[in-house]
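Please refer to the sequence and the model shown below.

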Amino acid sequence: MFAVERYRRAESVADAVRLLAEDPFSIPIAGGTDILVKLREGHRQYANLVDVHGLAELESIILDTDGTLCVGAGATFTQVMESPLVREHAPVLAEGASWVAGPQIRNVGTIGGNICNGSVCADSVPPLLVLDAELELAGPEGLRRTPLRGFHTGPGIVARGQAEVLTKVLVPAPPRGAFAAASLKYAMRRAMDITTIGCAASVLLDGESIVWLKLAFSVAAPTPVRCPSAEAAASGKPLTAQTVEAVKKTVEVDVAPRTSWRAPADFRMHIIRELSERAMRTAVQRAGGGIR
Amino acid sequence: MNVEITFTVNGQTLSARVHPGTSLLDLLRDQGFTGTKQGCGVGECGACTVLVNQLPVDSCLFLAVWAQGKAVRTIEGEALGNVLSPVQEAYLDAGAVQCGFCTPGLIMNSTAFVEKHQGQTVSREDIRRGHAGNLCRCTGYTTIVDAVERCLKK
Ligand SMILES: Cc1cc2nc3c(=O)[nH]c(=O)nc-3n(C[C@H](O)[C@H](O)[C@H](O)COP(=O)(O)OP(=O)(O)OC[C@H]3O[C@@H](n4cnc5c(N)ncnc54)[C@H](O)[C@@H]3O)c2cc1C
Ligand code: FES
Ligand code: FES
């Protein structure tokens, strides 16, 4: 039995916000694949639950008239991976989701939980960072929108108000032209393993040159990060091996990997450089380009 | 704080009053469905896999209250009398069972996998990835993949 001390079922998002506001020690539970593990480990701060599991309002995946892909925070990884809209408009997000755990966890764990958990290992975050995703949150003061970039403020910490519910992950329409993205995960096993280093890249090409590169990492710093220096080293540059080398060199400025039992910092840095290249090359290839 | 829930297990209605911290696994086992095993208790091993509305989930990490109104399938519902399900039969033919501890969870996952991919071309790698959430310490997995492959070829 999980040591749940207070449990209230939310009937809607508005209801969830009200219930959360009523009790400052309460937290939302969606798939529970993070919370229930914590509860089993005896962490009491997860014991007052407002249940949003399976709220239909949070599950829909739709395309807005302006081309924005709106993924409900309560969509499971399986729903994200199998959604024809995600596959068409943000295939890299489906790719990132497919890296998570195994089928049983993907059938229950949600994308909203993956983001709000604040974990630096979250597999859905790097692809969303290179797509410039935004979040929609419902709170006592109504709805607000905020970029995903910057939402993670420290290890396990996000800028979510206690009574706020993440409702949607918003992915802007992809730019016109030769655009593509890729998401890679380095872990000891190809399944059921927490990420050692996760990486995503997106590119827009113009003939033989890179209009821009967007590069993001998980587990490369205290929070998931975008890589402004490495991006600047590639944007506006020709599609050449020198450009790739410049990215691999500059990326060191953007990250701060640490040593953990999973891997020492210098090994992580090696993987970061390697994944920068692979993610960039894969994205370029998918966008129809080639590196000379 | 207890919550009244009603759902079906293998087609039969089950009603219970549960503490909201009860896992579906504990409720099922308390109700006599002891075919479903507990290994790790934290989503790593898949021994506790059951189907909820046809989707395999780890029942150790799934609150019993979430089963409200849903259809749960456990290993007890797979054989009809003495007639094994096609997946059970294939496990037997392939020699995919040794100590058997992982088997109920694996069979439930394989059943969902086979039902989902019937008629599609599926590689052995796809089968392996589709079973990544189930650990088996005995068989070496090859025979399990064989069994699933057999079912899909039928
Ligand atoms: C065996 C196992 C393997 C795993 N492997 C991976 C992996 O490979 N990659 C990976 O990224 N993760 C992995 N995880 C972690 C976990 O499955 C994911 O982080 C998942 O996305 C969490 O979603 P959830 O809905 O289950 O979250 P929950 O446990 O319900 O919640 C997680 C956090 O998010 C908050 N929250 C949830 N939904 C909302 C919402 N709508 N609004 C506001 N706050 C909300 C909760 O309050 C809590 O703080 C694994 C977990 C297990 C048990
Ligand atoms: S007992 Fe549930 S996954 Fe191991
Ligand atoms: S047969 Fe023994 S664990 Fe699988």
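## Burial and setting of A:Glu136

In this predicted model, A:Glu136 has a relative accessibility of 13%. Buried residues are those under 20%, and A:Glu136 therefore counts as buried. The residue is found in strand β6 of chain A, which covers residues 134-139.

The side chain of A:Glu136 makes a polar contact with the side chain of A:Thr167, at 2.7 Å. When residues up to four places away in sequence are left out, A:Glu136 touches A:Leu143, A:Arg144, A:Arg145, A:Val165, A:Leu166, A:Thr167, A:Lys168 and A:Leu170.

## The shell around ligand 1

Ligand 1 is surrounded by residues from chains A and B, so the site is shared between chains. The shell comprises 37 residues, of which A:Pro28, A:Thr33, A:Asp34, A:Thr110 and A:Asp123 come nearest. By class, 21 residues of the shell are nonpolar, nine are polar and seven are charged.

Several elements of chain A each supply at least two residues of this shell: β2 (27-29), α2 (35-40), α8 (111-116) and β10 (165-171).

The side chain of A:Thr110 has an N or O atom 2.6 Å from an oxygen atom of ligand 1. Backbone atoms also approach the ligand: an N or O atom of A:Gly32 lies 2.8 Å from an oxygen atom of ligand 1, and one of A:Ala101 lies 3.0 Å from an oxygen atom of ligand 1. Ligand 1 taken alone exposes 980 Å², and the protein buries 94% of that area.

How values were computed:
Residues numbered from 1 in each chain as written. Chains lettered and ligands numbered in written order. Predicted model: local features only at pLDDT ≥ 70, side-chain atom pairs only at ≥ 80, totals over all residues. Heavy atoms only, no water. Near = heavy atom within 4 Å. Polar contact = N/O pair within 3.5 Å; in protein donor to acceptor, adjacent residues only side chain to side chain. Areas by Shrake-Rupley, 256 points an atom, 1.4 Å probe, with all protein chains shown as cover. Helix = DSSP H or I, 4+ residues; strand = E, 2+ residues; numbered from the N terminus. Nonpolar A, V, L, I, M, F, W, Y, C, P; charged D, E, K, R; others polar. Buried < 20%, exposed > 50% of the residue type's maximum accessible area, 1.4 Å probe, protein only. Contact = heavy atoms within 4.5 Å.
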